[in-house]
Amino acid sequence: MAAKRLHEEFDQDPEKPEDKRVRRLPSFSTVIREAVMRKSLQNFFVALEPMLRRVVQEEVQRGLVLSPRLIERPPPMPIEAIESSSLKLVFKNMPAPPIFSGNKVEDAEANPLQILLVDAHTGECSPSSLPSPIRVEIVVLDGDFPSNSRDDWTNSEFQRSIVKERVGKRPLLTGEVNVTLRDGRASLPELIFTDNSSWIRSRNFRIGARILPGSYDGPRIKEAITDPFMVKDHRGELYKKHYPPSLSDEVWRLERIGKDGTFHKRLSDHNISTVQDFLKLWAVNQDYLRLILGQGMSDKMWEGTIEHAKSCNLGDKLYVHRVPQCILLLNSICKVVKIIINGVPYTMQDLGATQQNWVLKLVQEAYQQWHQLEEVDGGFNPSIPLLQNESELPGVPASLPWHDNNEVVAVDHQLEVFEEFENHLQLQSAFGALTQWGQMYHMTG
C-alpha cells in the first residue's frame with residue numbers, strides 16, 4: 001500500500017489540483033489479450049481469402065454460361081478511303097496578314113476573297129461542269145490541318161478539323177458564310193472573325209470552303225483551304241504596323257520601334273515624331289540617327305527599320321531652299337532633286353567632290369529651316385526670278401539656256417560656271433570677315 005501511494009504521488013502533476021490523478025495505463029494482461037485477438041482475426045482472414053476467391057470465380061463462370069449474350073470485342077473502326085474527285089474548290093486569293101478580329105478578311109490588295117470551281121487535274125476553271133448553281137459553306141479550320149502537310153484528305157478529316165466558337169461566344173466567323181457558285185465562282189465580301197486564334201493549340205486558323213451538305217448530289221468536289229494565318233485581337237490593331245507606312249504615320253508604326261518603347265522615347269526626345277521626320281534625318285545625317293537609337297538596335301534591326309521606312313510613298317511635293325543665285329529643290333525627305341544656278345539645272349552627279357560638299361551644307365541648312373521652306377508641286381518651273389535686291393554674280397552669265405530633251409549641255413562648261421560661283425562665295429566670305437575685323441580694330445582703337 002505504501003508503494004502504491006508513493007507511485008500515485010509521483011504521478012501527480014504539481015500544477016494540477018491534488019484531487020486530479022493521471023489516467024491509469026492498461027494492465028499487462030489486457031495488452032496480451034488484445035494482441036492474441038488481433039492475431040486470431042488476421043489468421044482467420046488469411047484462411048478465408050482463398051475460399052472467397054473460389055466462390056466468386058465459380059459464380060462468374062456460371063453467369064457467363066447462363067447469359068444469352070456473348071461478350072465480343074467491338075469491330076475496329078473502318079478506314080475511310082480518300083474518294084478521288086475531278087473537281088475541286090480553290091481560293092483565288094489568300095487572306096493578307098495581319099488579320100484582326102472584327103475586321104473584314106481581305107487579300108493584299110484589299111479585295112474580298114474569291115472561290116473558284118476548277119478541274120482537279122488541269123486547274124482550269126470549270127463553270128459548265130455542273131447542271132445548276134451549288135451552295136458553298138465557309139468554315140474555320142485548325143491551322144494544323146491537314147496533318148503532315150498532305151495535299152489530300154477525306155470528308156471526315158475535314159469535318160473533324162472544323163473549329164467552333166468558344167462556349168458563350170458569338171459564331172467564330174460571321175458574314176456571308178453560305179454563298180452560291182455562279183459561273184464557277186463566288187465572292188466573300190463580308191467575312192469577319194469574332195475571336196482571335198490564340199486559344200487553340202496551333203494558334204492559327206485556316207478558312208475552308210466545302211459544298212453545303214445536302215445541297216448537291218453528285219461526285220465529290222474537293223474542299224478548298226487557305227494558308228494558315230493568325231487572327232489577332234482587335235485591340236492590337238491600335239498598335240499594328242502599316243505596310244507600306246505613310247509619311248504622316250507616327251514613327252512607332254515602323255518595324256522594330258514599339259509604341260512607348262525605348263526607341264520611340266529616344267526619337268521623341270529629339271523631336272522625331274513621324275515617319276517623315278525619321279526619313280529626313282536619315283537622309284541628312286544617318287550616323288546621328290543611329291546614335292540616337294543607341295546600341296540596342298542591332299545592324300539587322302536597323303536595316304529592317306530603314307527598308308520599311310523607305311517603302312512609303314514620298315509623294316510629288318517639292319521644297320524650295322533659296323540662297324543667292326541658287327535654288328535647291330528637295331523632296332519630302334530632304335533629298336536633293338535638283339540644283340538650279342541662274343536657271344540652269346544641275347544634279348549631284350554633275351558636280352565634283354568640292355561642289356557636292358557645298359550642296360550638302362545647303363541641305364543641312366534647309367533641314368534646320370524645314371518649316372520655312374516654300375512648298376511647291378512636282379511641276380516646278382526652274383526659271384524662277386532671283387531673290388529681290390540680289391545682284392548677279394560677276395563672271396556668271398545672267399541666264400544660261402535651258403536645254404530641252406534634244407540638246408546636251410557640256411558638263412565641263414557647267415562645272416566651270418559652278419566653280420566660278422563657288423570662288424565668288426569664298427571671296428564674299430573673306431571680305432565679310434575682313435570687314436568685321438576692321439570694325440573690331442576701330443572700336444578697340
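Me: How many aromatic pairs does a search of the whole structure find?
Reply: The structure is a predicted model. A pair of aromatic rings is described by the distance of the centres and the angle of the planes. When the whole structure is searched, the number of aromatic pairs found is 6.

Me: Which kind of aromatic pair do Phe145 and Phe158 form?
Reply: The ring centres of Phe145 and Phe158 lie 5.9 Å apart, and their planes make an angle of 80°. Planes over 60 degrees apart count as edge-to-face. The pair of Phe145 and Phe158 is therefore edge-to-face.

Me: How many residues apart in sequence are the parts that this pair of Phe145 and Phe158 ties together?
Reply: Phe145 belongs to the loop between β4 and α3 (155-160), whereas Phe158 belongs to helix α3 itself.

Me: What is the angle between the planes of Phe193 and Phe229?
Reply: Phe193 and Phe229 form an edge-to-face aromatic pair. Their centres are 5.8 Å apart, and the angle between their planes is 70°.

Me: Which parts does the pair of Phe193 and Phe229 tie together?
Reply: Both residues of this pair are buried. Phe193 lies in strand β8 (residues 192-193), and Phe229 lies in the loop between β11 and β12 (231-232). The pair therefore ties together parts 36 residues apart in sequence, namely strand β8 and the loop between β11 and β12.

Me: Which residues form one aromatic cluster?
Reply: Phe193 and Phe229 form an aromatic pair, and both belong to a cluster. With Trp199 and Phe205 included, the members of this one cluster are Phe193, Trp199, Phe205 and Phe229.

Me: What is the bridge partner of Asp142 in β9?
Reply: Strand β4 (residues 134-142) and strand β9 (residues 205-211) run antiparallel and are joined by 7 bridges. Within β9, the residue that partners Asp142 is Phe205.

Me: What angle does the direction of helix α8 make with that of β14?
Reply: Neighbouring strands of this 5-stranded sheet are turned by 30° against each other on average, direction ignored. Helix α8 (residues 353-368) packs on the sheet and touches β13 (318-323), β14 and β15. The direction of α8 makes an angle with that of β14 of about 65°.

Me: Which residue in β15 stands opposite Leu330?
Reply: Strands β14 (residues 326-330) and β15 (residues 336-341) pair in the antiparallel sense over 5 bridges. In β15, the residue opposite Leu330 is Val336.

Key
Residues numbered from 1 in each chain as written. Predicted model: local features only at pLDDT ≥ 70, side-chain atom pairs only at ≥ 80, totals over all residues. Heavy atoms only, no water. Pairing = 2+ DSSP bridges. Helix = DSSP H or I, 4+ residues; strand = E, 2+ residues; numbered from the N terminus. Axes fitted to C-alpha atoms, helices over the stretch in contact; angles between N-to-C directions. Contact = heavy atoms within 4.5 Å. Phe/Tyr/Trp six-rings, centres within 6.5 Å; stacked < 30°, edge-to-face > 60°. Buried < 20%, exposed > 50% of the residue type's maximum accessible area, 1.4 Å probe, protein only.
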